[in-house]
Amino acid sequence: MAAVAIGIVLFGFTLYYIDLEETVASARRLGLALPVILLPGACWHVLRTWGWAVAFPEEARAPFTRLFRVRLAADAIGFFTVRGIAGEPLKVLLLYDRVAPEVTTAAVALERLAFAVIGIVIAAFISLAALTRLTMPRAWDTMFTMLIIGAVIVLALAGLIARRRPGDYLGRLVTAIDRAIGRQLEASRVVRFILDVEHVLLQLVRGDRRRLVTLTVLAVVCYVLMTIEVWLVLWAVGEPSGVTEALAIETFARLASVASAMIPGNIGALEASNAAVVAALGLGGGGALALARRIRALLWAAAGLAVYPRVQERRR
């Protein structure tokens, strides 16, 4: 309820902040360009599903069409409720009759972590370019600087986990706690499941390096696709932007999307983040960009509900 209230406040602030007449006029100019504008989003969903498929061990990989349906359905439920908390566990449930839960959980974690880490690293480079090439208010410069610092920390942690070394991390922690309190935590089903997920995840990360290379390339391409979407919308409404501006807009929109994950439908946060960064760059068309992205999100959420798969049989 608190998240919904925050979203409504942000939506109201966006309506007050933007020029409604300009937004309506810009939306009309989208016209026949809307199908082209929606194309990068379609490619993004296909590539993200490909990345999730790569994250599975080859011997336990479900068909691509099944993964695509599961991904769309889980994203749709997460979109209308709470992303991550609702959507990610649903992927495990919808593949329960085909893939072991610990394997699906590890694949979800690997795909999410890979795209998040690469996205943060890309965002750091874009932030550096924004600081040196764009003129923005001091608060925006501070935000991009903090993003660069955070990216360095995340990259260091990712390198520590990905390096080739025997053993695990959570397993050692559980063993140490067992010795300290004199109990066997591994007797718990929950703890055993978490340790099994860590074991599979570390095998995937430290195994075939081509898997990590593929996930890295896909993450970069997906980032570029969403930047192209920004550029297409602004071009269609007669507010063409440069490459650096489009990248800066996409970077801030991603950051705001992560921060507002608790808001159902990202209501208000999507509109506020896109309109604010476009205005900060001295460009027009922020309202049209928010509208195009809202249409794209609703269409794919509806598609996810339409193709919602069913679990055919229970797994032993």
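The model is a predicted one. The protein has 13 helices and zero strands, and buried residues make up 46% of its 316 residues. A search of the whole structure finds zero disulfides, and the largest pocket has a volume of about 1,300 Å³.

**Overall architecture**

- Read from the N terminus, the order of elements is α-α-α-α-α-α-α-α-α-α-α-α-α.
- Among contacts with a separation of 6 or more, 76% are between residues 24 or more positions apart.
- The protein exposes about 16,500 Å², of which carbon and sulfur atoms supply 68%.

**Nonpolar cores**

- The largest nonpolar core holds 41 residues, and the members that touch the most others are Trp52, Phe56, Leu67, Leu95 and Leu110.
- Two or more residues of this core come from each of α3 (34–55), α4 (64–80), α5 (87–94), α6 (101–133), α9 (189–206) and α10 (209–236).
- The largest share, eleven residues, is contributed by α6.
- Beyond its neighbours within four places in sequence, Phe56 is in contact with Leu67, Leu95, Val99, Val103, Ala107 and Leu204, as well as with Thr104, Arg61 and Arg211.
- A second, separate core contains 25 residues, including Leu234, Ala246, Ala248 and Ala288.

**Cysteines**

- The closest cysteine sulfur to that of Cys43 is in Cys222, at 9.4 Å, which is too far for a bond; a disulfide would require the two sulfur atoms to lie within 2.5 Å.
- The search from the side of Cys222 leads back to Cys43, again at 9.4 Å and too far for a bond.
- Cys43 counts as partly exposed because its relative accessibility is 33%.
- Cys222, at 1% relative accessibility, counts as buried.

**Largest pocket**

- The lining of the largest pocket comprises 41 residues, and those closest to the pocket centre are Trp44, Arg83, Arg112, Ser257 and Val258.
- Helices α3, α4, α5, α6, α10, α11 (243–259), α12 (269–280) and α13 (286–306) each give two or more residues to this lining.

Conventions: Residues numbered from 1 in each chain as written. Predicted model: local features only at pLDDT ≥ 70, side-chain atom pairs only at ≥ 80, totals over all residues. Heavy atoms only, no water. Core = buried A, V, L, I, M, F, W, Y, C linked by side-chain atoms within 4.5 Å. Buried < 20%, exposed > 50% of the residue type's maximum accessible area, 1.4 Å probe, protein only. Helix = DSSP H or I, 4+ residues; strand = E, 2+ residues; numbered from the N terminus. Contact = heavy atoms within 4.5 Å. Areas by Shrake-Rupley, 256 points an atom, 1.4 Å probe, with all protein chains shown as cover. 1 Å grid on protein atoms, 1.4 Å probe; cavity = no way out; pocket = protein on both sides within 12 Å on 5 of 7 lines; lining within 4 Å. Points joined across faces, edges and corners; volume = space filled by probe spheres on them.
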